[in-house]
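Morning, everyone. I have one structure to walk through. Please have a look at it before I start.

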Amino acid sequence: MTPSTFIARSVPAGAAGVLMLQIRFTLRCLGWLAGVGFIFLAAPPAWADLMLFPTRVVFEKNQRAAQLELINNGQESTTYRVHLVNRRMNETGEFTAAEPPLPGEQFADALLRYSPRQVVLAPGRGQTIRILLRKPSDLPVGEYRSHLQFDLVPEATGASSIDAQATKPGPGEVGVQLRALVGVSIPVIVRHGETSATVTLSGLELPKPVAGQPAMLAVVLQRSGNHSVYGDLVATFTPQGGAPQEVGKAGGVAVYTPNALRRARLALQPPAGLTLTRGTLRVSYRERPEAGGKLLAEAAIELP
């Protein structure tokens, strides 16, 4: 009986700090040899907890080396394959494979070297990934970005093996285990020469909320310049005659080059007793606290 693996899409990391990736999805499929069909049964969850720090690597000025730390926070040994991928972001923040590059896209994969290429992490143990930057003398000024991806390598033995499951296939049945393998990736950014960027907020709209769901504030981030912007969106509401209160926040929002804009939707969760009427709804976009917290852009609308 041979395990069969289903590969799920990777999850790009966006926010700085420690990222916890939790892989909790396992299905087992028992197929009838008579060809009647397949029965999907829930199996005990498979865990693989990966902690990464930092979740963004930015090379600036004369920096030529960086490192990131991996820690297995789970209960089983896990193996991850490490490789560089190129991705483009669309206007809503979703990533797709960037093969081949489009005009204006500049990727960093040819500039980077890293090791090791595969890591085996025992429970509670860590591993350092070292990244080296090599820039040719004729490299054009600008920002270059690729993503360092960590793909979970399937294990055919141990707790993920069909033979280790509590319920075995019966006579005339074939056991097939489908295990979701979720990868995580972090951006690696190289800024060469004089780079700068500005950002503005526009298009603030607060549609009538759907019953049972939080109100969603639409906002458009417009970027200009030759490097990306990255920060936190925070919404505050100031009722007439009252004090401002935070009603929504989204951390680690990026607009990557060469994109000129990003359309975002921010879930609003006002404190109990506060209604979003007769006041000012303000949205600010700031650098992350570890980068200084500088105000990058701000906009407001008046709510009747």
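**Salt bridges, cores and a strand pair**

Glu91 is partly exposed, because its relative accessibility is 39%. On cut-offs: buried means under 20% relative accessible area, exposed over 50%, and partly exposed in between, with a 1.4 Å probe and protein chains only.

Some ground rules. This is a predicted model, so local features need pLDDT of at least 70 and side-chain atom pairs count only at pLDDT 80 or more, while totals for chains, interfaces and linings use all residues. Numbering starts from 1 along each chain as its sequence is written, and side-chain values use heavy atoms, with hydrogens and water left out.

Back to Glu91. Its salt-bridge partner is Arg263, with the closest N and O atoms 3.2 Å apart. Glu91 sits in the loop between strand S10 (87-89) and strand S11 (95-97), and Arg263 in strand S22 (residues 261-268), so the pair ties together parts 172 residues apart in sequence. Arg263 is partly exposed too, at a relative accessible area of 43%. A salt bridge here is a side-chain nitrogen of Lys or Arg within 4 Å of a carboxyl oxygen of Asp or Glu. Strands are DSSP runs of E, at least two residues; helices are runs of H or I, at least four; both are numbered from the N terminus.

How many salt bridges does the structure hold? The count is 5. Take Glu60 and Arg191: their side chains meet at 3.2 Å, N to O. Glu60 lies in the loop between strand S7 (57-59) and strand S8 (65-72), Arg191 in strand S17 (residues 184-192), so this pair ties together parts 131 residues apart in sequence. Glu60 is partly exposed at 39% relative accessibility. Arg191 counts as buried at 13%.

Next, Asp232 and Arg288. Their closest N and O atoms are 2.8 Å apart. Asp232 is in strand S20 and Arg288 in the loop between strand S23 (279-286) and strand S24 (295-303), 56 residues apart. Asp232 is buried at 6% relative accessibility. Arg288 is buried at 15%.

Now His227. Buried or exposed? Buried, because its relative accessibility is 15%. His227 lies in the loop between strand S19 (215-225) and strand S20 (229-239). Beyond its neighbours within four places in sequence, its contacts (heavy atoms within 4.5 Å) include Glu143 and Arg191.

On to the cores. A nonpolar core is a set of buried Ala, Val, Leu, Ile, Met, Phe, Trp, Tyr and Cys residues joined through side-chain atoms within 4.5 Å. The largest has 27 residues; Phe59, Leu68, Leu70, Leu148 and Phe150 touch the most other members. Apart from it lies another core, of 26 residues, including Leu221 and Ile301. Leu68, beyond its neighbours within four places in sequence, contacts Leu148, Phe150 and Ile186, among others.

S9 (residues 78-85) and S13 run antiparallel, joined by 4 bridges; pairing takes at least two DSSP bridges. Tyr80 stands opposite Val119 in S13. Strand S13 (residues 118-121) has Val119 and Leu121 on its covered face, Gln118 and Val120 on the uncovered one.

Last, the totals. There are 0 helices and 24 strands. Of 304 residues, 42% count as buried. Among contacts with a separation of 6 or more, 70% come from residues 24 or more positions apart.
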